[in-house]
Amino acid sequence: MEPELITVGLDGSPESLAAAQWAADEADRRQAVLRLLHAWILLAAEAPDTPPDRDQNAGARQIVNQAAQEVRERHPHLQIMEDLVGSEAESALLLASSESRMVVLGSRALAPWESYVLGDASLDVVGRAEGPVVLVRGKGRAESPRPEAGDSTPQVPGPRIVVGVSLNGPCEPLLAFAFDAAASRGLPLEAVHGRALPVHAYVPWGIEPEVAEEVTKEAESELRETVRPWQERFPDVPVQLTVLPESPTRAVVQTVAGAELLAVGRRRHRPLLAPRVGPVAHAAIHHVTCPVAVVPHD
């Protein structure tokens, strides 16, 4: 059986180099092939004996060569495929997503208080890719937002994999990805679900505790049943269930601090005029600083 392929999109930025290192770690962990892909619409067809001073693709080639050199310093035995593609980046990455276990892209923030700034192609790739797309921030970035003082959000110390579970429908590929990521790293998994309280839970003096408790217990039961088959498949992965009386978006963003990876889902089939990614994935892309995997599912 041929080894799996993990593709990283390169554009020469520090963020794409960080993505290449993350993808290399993942490929090494899985004994997969790392594909370093740079797409440039102006890529010229050249003969093999073209002199260096007349190589029109020298800049594009340097982007891939630099990434390969940095990756090999840490993973000297990793199988690497260097790939220059003469097309738009979006088209090349979407094609790669159908051929790869995952596509890995770099994301950047202009400042700690600002959101992610994805390239024009990146967000479209996240919303249309056939398989998981992992977004990796560059080095030296601020940590993900932590709960404010007095917040009741449970704290989970230590590195872990976090998966946001909506419970609004089947999400088997998302849970499969999250449990596999935890198992391959030997890390625990935290399954997070946020459920907004009904209107009658709010009273003039705050929140009616009995209603909040009832809603939370119901959601916990649903989450436990959803996760149970995957716990049976991955018995060595410790699992914590976290249910918050919050919107799903706030629940995920508030609990992810300290995680090594956040996995969120994306519905493949959304209404025609709806955004390509839902609010939880959108918030994760913009406000979470650990790597974020967006996994498509039906």
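**Close-up views of a predicted model**

View 1. Tyr202 has 48% relative accessibility, so Tyr202 counts as partly exposed; here buried means under 20% relative accessible area, exposed over 50%, and partly exposed in between (1.4 Å probe, protein chains only). This is a predicted model, in which local features need pLDDT of at least 70 and side-chain atom pairs count only at pLDDT 80 or more, while totals for chains, interfaces and linings use all residues. Residues are numbered from 1 along each chain as its sequence is written, and side-chain values use heavy atoms, with hydrogens and water left out. Tyr202 belongs to strand 9 (residues 202–203); helices (H or I, at least four residues) and strands (E, at least two) are DSSP runs, numbered from the N terminus. Leaving aside residues up to four places away in sequence, Tyr202 touches Leu197 and Ile207, where contact means heavy atoms within 4.5 Å. Ala212 lies 10 residues from Tyr202 along the chain, and their C-alpha atoms are separated by 9.3 Å.

**View 2. Asn57 is a buried loop residue.** Look for Asn57 in the loop between strand 2 (33–39) and helix 2 (58–74). Asn57 is buried because its relative accessibility is 4%. From C-alpha to C-alpha, Asn57 and Leu42 are 8.6 Å apart in space, and they are 15 residues apart in sequence.

**View 3. Helix 7 meets helix 8.** Two packed helices are described by the angle between their axes and the distance between the axes. Helix 7 (residues 248–255) and helix 8 (residues 279–287) have axes that come within 9 Å and cross at roughly 35°; the axes are lines fitted to C-alpha atoms, for helices over the stretch in contact, with angles from 0 to 180 degrees between N-to-C directions. Helix 7 brings Pro248, Thr249, Val252 and Val253 to the contact, and helix 8 brings Pro279, Val280, Ala283 and His287.

**View 4. Two cysteines are buried.** Cys171 is buried, as its relative accessibility is 4%. Cys290 has a relative accessible area of 8% and is buried too. The count of disulfides, meaning pairs of cysteine sulfur atoms within 2.5 Å, comes to zero.

**View 5. The whole chain gives the setting.** The protein chain has eight helices and 13 strands. Of its 298 residues, 49% are buried. Among contacts between residues at least 6 apart in sequence, 78% join residues at least 24 apart.
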